[in-house]
Amino acid sequence: MDLGIRGKRALVCASSKGLGLGCAEALAEAGVDLVMNARGAEVLEAEAARLHSDYGVDVQTVACDVTVTRGQEQLIDAAQGVDILVTNAGGPPPGLWSDWDREDFIKALDANMLTPIALMKALLPGMMDKGWGRVVNITSQSVRAPIAALGLSNAARTGLTGYVAGTSRQVAPFGVNINNLLPGIHDTDRALSLDTGVSAQKGITIDEARAERSQTIPARRYGTRQEFGATCAFLCSQQAGFIVGQNILMDGGATNLTM
(Lines give C-alpha, C1' and ligand atoms only; values in the text may rest on other atoms or scores of the structure.)
Protein backbone atom coordinates (compact mmCIF):
# COMPACT_ATOMS: atom_id res chain seq x y z
CA MET A 1 0.00 0.00 0.00
CA ASP A 2 1.20 3.48 -0.89
CA LEU A 3 0.88 5.41 2.36
CA GLY A 4 0.87 8.75 0.56
CA ILE A 5 3.63 10.28 2.68
CA ARG A 6 6.62 10.12 0.35
CA GLY A 7 8.61 13.32 0.69
CA LYS A 8 7.30 14.09 4.18
CA ARG A 9 9.80 14.60 7.02
CA ALA A 10 9.64 12.89 10.41
CA LEU A 11 11.33 13.16 13.77
CA VAL A 12 11.61 9.73 15.41
CA CYS A 13 12.89 9.73 18.99
CA ALA A 14 15.01 6.94 20.49
CA SER A 15 15.32 5.43 17.02
CA SER A 16 18.72 3.73 17.00
CA LYS A 17 17.21 0.41 18.13
CA GLY A 18 14.04 -1.32 19.30
CA LEU A 19 10.58 0.04 18.58
CA GLY A 20 11.86 3.47 17.61
CA LEU A 21 14.09 1.93 14.96
CA GLY A 22 11.16 -0.13 13.70
CA CYS A 23 9.18 3.08 13.20
CA ALA A 24 12.08 4.82 11.47
CA GLU A 25 12.56 1.85 9.13
CA ALA A 26 8.89 1.72 8.14
CA LEU A 27 8.71 5.46 7.54
CA ALA A 28 11.90 5.38 5.47
CA GLU A 29 10.45 2.55 3.39
CA ALA A 30 7.42 4.78 2.77
CA GLY A 31 9.74 7.50 1.42
CA VAL A 32 9.82 9.75 4.49
CA ASP A 33 12.97 11.78 5.25
CA LEU A 34 14.10 11.35 8.84
CA VAL A 35 15.51 13.14 11.83
CA MET A 36 16.74 10.29 14.03
CA ASN A 37 17.59 10.70 17.70
CA ALA A 38 19.28 8.58 20.36
CA ARG A 39 21.76 9.05 23.17
CA GLY A 40 24.51 6.88 21.69
CA ALA A 41 26.04 8.45 18.57
CA GLU A 42 27.84 5.37 17.21
CA VAL A 43 24.84 3.08 16.81
CA LEU A 44 22.66 6.00 15.73
CA GLU A 45 25.01 6.97 12.91
CA ALA A 46 25.30 3.35 11.74
CA GLU A 47 21.52 2.87 11.55
CA ALA A 48 21.04 6.25 9.88
CA ALA A 49 23.58 5.34 7.19
CA ARG A 50 21.84 1.98 6.65
CA LEU A 51 18.40 3.55 6.20
CA HIS A 52 19.79 6.17 3.83
CA SER A 53 21.48 3.43 1.78
CA ASP A 54 18.50 1.05 1.79
CA TYR A 55 15.73 3.55 1.03
CA GLY A 56 17.42 6.62 -0.45
CA VAL A 57 15.83 9.04 2.01
CA ASP A 58 17.58 11.95 3.66
CA VAL A 59 18.54 11.13 7.25
CA GLN A 60 19.71 13.66 9.82
CA THR A 61 20.95 12.56 13.25
CA VAL A 62 20.86 14.28 16.62
CA ALA A 63 22.66 12.42 19.40
CA CYS A 64 21.33 13.79 22.67
CA ASP A 65 19.29 13.00 25.77
CA VAL A 66 15.85 14.29 24.85
CA THR A 67 14.61 14.01 28.44
CA VAL A 68 16.70 17.03 29.52
CA THR A 69 16.18 20.64 28.50
CA ARG A 70 19.40 21.01 26.48
CA GLY A 71 18.67 17.85 24.52
CA GLN A 72 15.14 18.96 23.77
CA GLU A 73 16.40 22.30 22.50
CA GLN A 74 18.87 20.58 20.15
CA LEU A 75 16.25 18.22 18.80
CA ILE A 76 13.53 20.84 18.39
CA ASP A 77 15.94 23.10 16.52
CA ALA A 78 16.88 20.28 14.11
CA ALA A 79 13.28 19.15 13.64
CA GLN A 80 11.61 22.45 12.80
CA GLY A 81 9.14 21.99 9.97
CA VAL A 82 8.66 18.23 10.34
CA ASP A 83 5.36 16.75 9.23
CA ILE A 84 5.51 13.73 11.52
CA LEU A 85 6.57 13.30 15.16
CA VAL A 86 7.11 9.94 16.83
CA THR A 87 7.86 10.31 20.54
CA ASN A 88 9.57 7.52 22.42
CA ALA A 89 11.61 7.07 25.59
CA GLY A 90 12.59 4.10 27.70
CA GLY A 91 10.48 3.43 30.75
CA PRO A 92 11.58 3.96 34.35
CA PRO A 93 12.81 0.99 36.37
CA PRO A 94 10.39 -1.43 38.03
CA GLY A 95 9.98 -1.51 41.78
CA LEU A 96 7.64 -1.55 44.74
CA TRP A 97 5.24 1.30 45.55
CA SER A 98 6.91 1.87 48.91
CA ASP A 99 10.34 2.36 47.30
CA TRP A 100 9.50 5.43 45.21
CA ASP A 101 10.02 8.99 46.41
CA ARG A 102 9.09 12.32 44.86
CA GLU A 103 12.29 12.52 42.82
CA ASP A 104 11.60 9.12 41.27
CA PHE A 105 8.22 10.34 40.06
CA ILE A 106 9.69 13.60 38.77
CA LYS A 107 12.23 11.66 36.67
CA ALA A 108 9.49 9.41 35.28
CA LEU A 109 7.25 12.36 34.47
CA ASP A 110 10.12 14.21 32.78
CA ALA A 111 10.96 11.26 30.54
CA ASN A 112 7.59 9.75 29.74
CA MET A 113 5.11 12.62 30.00
CA LEU A 114 6.70 16.08 29.96
CA THR A 115 9.25 15.35 27.20
CA PRO A 116 6.68 14.28 24.58
CA ILE A 117 4.48 17.19 25.64
CA ALA A 118 7.39 19.61 25.11
CA LEU A 119 8.05 18.18 21.64
CA MET A 120 4.39 18.41 20.68
CA LYS A 121 4.10 21.97 21.96
CA ALA A 122 7.12 22.98 19.89
CA LEU A 123 6.27 21.17 16.64
CA LEU A 124 2.47 21.12 16.43
CA PRO A 125 2.17 24.80 15.41
CA GLY A 126 4.20 24.16 12.26
CA MET A 127 2.01 21.22 11.32
CA MET A 128 -1.13 23.25 11.96
CA ASP A 129 0.15 26.08 9.75
CA LYS A 130 0.63 23.59 6.90
CA GLY A 131 -2.76 21.98 7.49
CA TRP A 132 -1.32 18.48 7.86
CA GLY A 133 0.57 16.55 10.52
CA ARG A 134 0.83 13.27 12.37
CA VAL A 135 1.99 12.51 15.93
CA VAL A 136 2.41 9.00 17.29
CA ASN A 137 3.38 8.61 20.94
CA ILE A 138 4.85 5.26 21.92
CA THR A 139 3.46 4.60 25.39
CA SER A 140 2.63 1.19 26.92
CA GLN A 141 -0.09 -1.40 27.37
CA SER A 142 0.04 -0.39 31.05
CA VAL A 143 -2.12 2.68 30.37
CA ARG A 144 -5.01 0.30 29.66
CA ALA A 145 -4.24 -2.24 32.40
CA PRO A 146 -1.64 -1.30 35.04
CA ILE A 147 1.43 -3.44 35.64
CA ALA A 148 2.04 -3.51 39.39
CA ALA A 149 5.84 -3.40 39.27
CA LEU A 150 5.81 -0.50 36.79
CA GLY A 151 4.02 2.07 38.91
CA LEU A 152 6.26 4.92 37.78
CA SER A 153 5.57 4.13 34.14
CA ASN A 154 1.86 3.59 34.80
CA ALA A 155 1.57 7.05 36.31
CA ALA A 156 3.65 9.02 33.80
CA ARG A 157 2.33 7.40 30.64
CA THR A 158 -1.28 7.62 31.79
CA GLY A 159 -0.74 11.33 32.37
CA LEU A 160 0.46 11.68 28.77
CA THR A 161 -2.60 9.74 27.60
CA GLY A 162 -4.89 12.23 29.31
CA TYR A 163 -3.04 15.14 27.73
CA VAL A 164 -3.32 13.60 24.27
CA ALA A 165 -7.03 12.90 24.72
CA GLY A 166 -7.78 16.61 24.94
CA THR A 167 -5.04 18.02 22.71
CA SER A 168 -5.73 15.66 19.80
CA ARG A 169 -9.27 16.97 19.50
CA GLN A 170 -8.10 20.58 19.56
CA VAL A 171 -5.65 20.17 16.68
CA ALA A 172 -7.70 17.77 14.54
CA PRO A 173 -9.57 20.63 12.78
CA PHE A 174 -6.19 21.73 11.39
CA GLY A 175 -5.49 18.38 9.73
CA VAL A 176 -3.19 17.20 12.52
CA ASN A 177 -3.77 13.77 14.04
CA ILE A 178 -2.34 12.59 17.37
CA ASN A 179 -2.59 8.96 18.47
CA ASN A 180 -0.81 6.62 20.86
CA LEU A 181 0.68 3.19 20.20
CA LEU A 182 0.65 0.88 23.21
CA PRO A 183 3.21 -1.92 22.94
CA GLY A 184 3.15 -5.12 24.91
CA ILE A 185 6.19 -7.39 24.92
CA HIS A 186 8.26 -7.05 21.77
CA ASP A 187 11.55 -8.67 20.89
CA THR A 188 13.76 -5.77 21.99
CA ASP A 189 16.50 -5.03 24.53
CA ARG A 190 13.78 -4.12 27.03
CA ALA A 191 12.29 -7.62 26.79
CA LEU A 192 15.74 -9.15 27.14
CA SER A 193 16.32 -7.09 30.29
CA LEU A 194 13.00 -8.24 31.79
CA ASP A 195 13.67 -11.87 30.88
CA THR A 196 17.16 -11.65 32.35
CA GLY A 197 15.66 -10.46 35.63
CA VAL A 198 13.15 -13.33 35.69
CA SER A 199 15.94 -15.76 34.82
CA ALA A 200 18.04 -14.62 37.76
CA GLN A 201 15.09 -14.51 40.15
CA LYS A 202 13.80 -17.99 39.30
CA GLY A 203 17.08 -19.70 38.52
CA ILE A 204 16.03 -20.60 34.97
CA THR A 205 17.59 -19.91 31.59
CA ILE A 206 16.70 -16.82 29.57
CA ASP A 207 15.12 -19.06 26.93
CA GLU A 208 12.96 -20.65 29.61
CA ALA A 209 12.00 -17.22 30.94
CA ARG A 210 11.06 -16.12 27.43
CA ALA A 211 9.00 -19.25 26.82
CA GLU A 212 7.22 -18.74 30.14
CA ARG A 213 6.36 -15.13 29.29
CA SER A 214 5.24 -16.10 25.79
CA GLN A 215 2.63 -18.40 27.33
CA THR A 216 0.96 -15.33 28.89
CA ILE A 217 0.41 -13.86 25.40
CA PRO A 218 -2.48 -15.28 23.36
CA ALA A 219 -0.36 -14.97 20.20
CA ARG A 220 2.22 -17.15 22.00
CA ARG A 221 5.15 -15.03 20.88
CA TYR A 222 6.77 -11.64 21.24
CA GLY A 223 6.00 -8.88 18.76
CA THR A 224 8.60 -7.67 16.28
CA ARG A 225 9.86 -4.16 15.68
CA GLN A 226 8.86 -4.53 12.03
CA GLU A 227 5.20 -5.17 12.95
CA PHE A 228 5.24 -2.25 15.33
CA GLY A 229 6.88 0.05 12.80
CA ALA A 230 4.37 -0.84 10.10
CA THR A 231 1.49 0.12 12.39
CA CYS A 232 3.21 3.38 13.28
CA ALA A 233 3.71 4.18 9.60
CA PHE A 234 0.04 3.51 8.89
CA LEU A 235 -0.99 5.93 11.65
CA CYS A 236 1.21 8.50 9.91
CA SER A 237 -0.34 7.82 6.51
CA GLN A 238 -2.87 9.73 4.46
CA GLN A 239 -5.31 6.84 4.99
CA ALA A 240 -5.29 7.37 8.77
CA GLY A 241 -6.69 10.88 8.59
CA PHE A 242 -9.91 9.96 10.45
CA ILE A 243 -8.13 8.34 13.43
CA VAL A 244 -7.94 10.90 16.24
CA GLY A 245 -6.90 10.53 19.89
CA GLN A 246 -6.87 6.73 19.92
CA ASN A 247 -4.85 4.29 22.02
CA ILE A 248 -3.94 1.31 19.88
CA LEU A 249 -2.78 -1.84 21.65
CA MET A 250 -0.09 -3.99 20.08
CA ASP A 251 0.29 -6.75 22.63
CA GLY A 252 -0.70 -10.01 20.96
CA GLY A 253 -3.92 -10.03 22.98
CA ALA A 254 -2.16 -9.99 26.36
CA THR A 255 -4.29 -7.20 27.82
CA ASN A 256 -7.58 -8.88 28.70
CA LEU A 257 -10.17 -6.24 27.79
CA THR A 258 -13.57 -6.23 26.10
CA MET A 259 -13.10 -2.68 24.73
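## The largest cavity

The largest cavity in this predicted model has a volume of about 90 Å³, and a search of the whole structure finds one cavity of 30 Å³ or more. Two elements, α4 (102–130) and α5 (151–171), each give two or more residues to the lining of this cavity, and α4 supplies the largest share of that lining, namely five residues.

In total, 13 residues line the largest cavity, and those that lie nearest its centre are T87, N88, A89, A111 and P116. By residue class, the lining of the largest cavity is made up of eight nonpolar residues, four polar residues and one charged residue.

## The setting of Q246

Q246 is placed in the loop between α8 (225–235) and β7 (247–250).

## Contacts made by Q246

When residues up to four places away in sequence are not counted, Q246 touches R169, I178, N179 and N180. A further relation across the chain involves L181, which is 65 residues apart from Q246 along the chain, while the C-alpha atoms of Q246 and L181 are separated by 8.3 Å.

Within its own stretch of the chain, the side chain of Q246 reaches the backbone oxygen of V244 at 2.9 Å. Q246 is thus described by a polar contact to V244, by contacts with residues that include R169 and N180, and by its place in the loop between α8 and β7.

Note on methods:
Residues numbered from 1 in each chain as written. Predicted model: local features only at pLDDT ≥ 70, side-chain atom pairs only at ≥ 80, totals over all residues. Heavy atoms only, no water. 1 Å grid on protein atoms, 1.4 Å probe; cavity = no way out; pocket = protein on both sides within 12 Å on 5 of 7 lines; lining within 4 Å. Points joined across faces, edges and corners; volume = space filled by probe spheres on them. Helix = DSSP H or I, 4+ residues; strand = E, 2+ residues; numbered from the N terminus. Nonpolar A, V, L, I, M, F, W, Y, C, P; charged D, E, K, R; others polar. Contact = heavy atoms within 4.5 Å. Polar contact = N/O pair within 3.5 Å; in protein donor to acceptor, adjacent residues only side chain to side chain.
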